[in-house]
Amino acid sequence: MNQEMKQKMKQQPATRGVRLPRLTAGAAMLALLAACSVEQPWQRPDAPLPASFKEASGEAGNWKPAQPADDAQRGQWWRVFADPVLDGLEHQALGANQDLQAAAARLRQARALAQAAEAA
């Protein structure tokens, strides 16, 4: 039986017990190398800041507060340009607008339901 054990020992690689320390040392070296940084710490650059904005000095009376008009009806704004090509494109775009077509279909459906309710 001693002969069989000696043959098995010869077949197994001798570095089996050395792998773990080598892997540990390699991982430690890799971690130390990754922790090293060659960059300098970031510092905010010096930028001169004015005491006030140039628009705020003396010309404050010329400023007008904003008056948003997002809710205002725009109507057919493209007519201002008096361009027949633009008029045709806007007409084509309005005809192909899926949202408008869906809204028109809902309106027709609601009218039909209202007429059916009145007839009953």
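A salt bridge is taken here as a side-chain nitrogen of Lys or Arg lying within 4 Å of a carboxyl oxygen of Asp or Glu. The structure holds one such bridge, which Asp 87 forms with Arg 79, the closest N and O atoms being 3.7 Å apart.

The model is a predicted one, in which local features need pLDDT of at least 70 and side-chain atom pairs count only at pLDDT 80 or more, while totals for chains, interfaces and linings use all residues. Residues are numbered from 1 along each chain as its sequence is written, and side-chain values use heavy atoms, with hydrogens and water left out.

**Overall layout**

The chain has four helices and zero strands, so that helices and strands here are DSSP runs (H or I of at least four residues for helices, E of at least two for strands), numbered from the N terminus. Read along the sequence, the pattern is α-α-α-α. Of the 120 residues of the chain, 2% count as buried, where buried means under 20% relative accessible area, exposed means over 50%, and partly exposed lies in between (1.4 Å probe, protein chains only). The chain exposes about 12,200 Å², of which carbon and sulfur atoms supply 59%; accessible areas come from the Shrake-Rupley method with a 1.4 Å probe, and for residues only the protein chains shown count as cover.

**The helices**

| Helix | Residues in helix | C-alpha span | Expected span |
|---|---|---|---|
| α3 | 13 residues | 18 Å | 18 Å |
| α4 | 22 residues | 31 Å | 32 Å |

Of the 17 residues of α2, the number buried is zero, so this helix lies largely in the open. At the start of α3, a side-chain oxygen of Asp 83 reaches to within 3.3 Å of the backbone nitrogen of Val 85. Asn 97 caps the N-terminal end of α4, with a side-chain oxygen 2.9 Å from the backbone nitrogen of Asp 99.

Val 80 lies in the loop between α2 (19–35) and α3 (84–96), and Val 80 counts as exposed because its relative accessibility is 69%. Ala 82 has its place in the loop between α2 and α3 as well; Ala 82 has a positive phi of about 50° although it is not a glycine, and counts as exposed at 65% relative accessibility.

Trp 77, Val 80 and Phe 81 form a nonpolar patch on the surface, with about 370 Å² of accessible area together. Patches are made of residues with over 30% relative accessible area and no salt bridge, like charges being joined within 9 Å and nonpolar side chains (Val, Leu, Ile, Met, Phe, Trp, Tyr) within 5 Å.

Rings of Phe, Tyr and Trp (its six-membered ring) pair if their centres lie within 6.5 Å, and planes under 30 degrees apart count as stacked, over 60 as edge-to-face and the rest as tilted. By this rule the count comes to one aromatic pair. The rings of Trp 77 and Trp 78 have centres 5.8 Å apart and planes at 90°, so the pair is edge-to-face. Trp 77 is partly exposed at 43% relative accessible area, whereas Trp 78 is buried at 8%.

Definitions and conventions:
The expected span of a helix is 1.5 Å times one less than its number of residues. A polar contact is a pair of N or O atoms within 3.5 Å; within protein, one must be able to donate a hydrogen and the other to accept it, and residues adjacent in sequence count only if both atoms are side-chain atoms.
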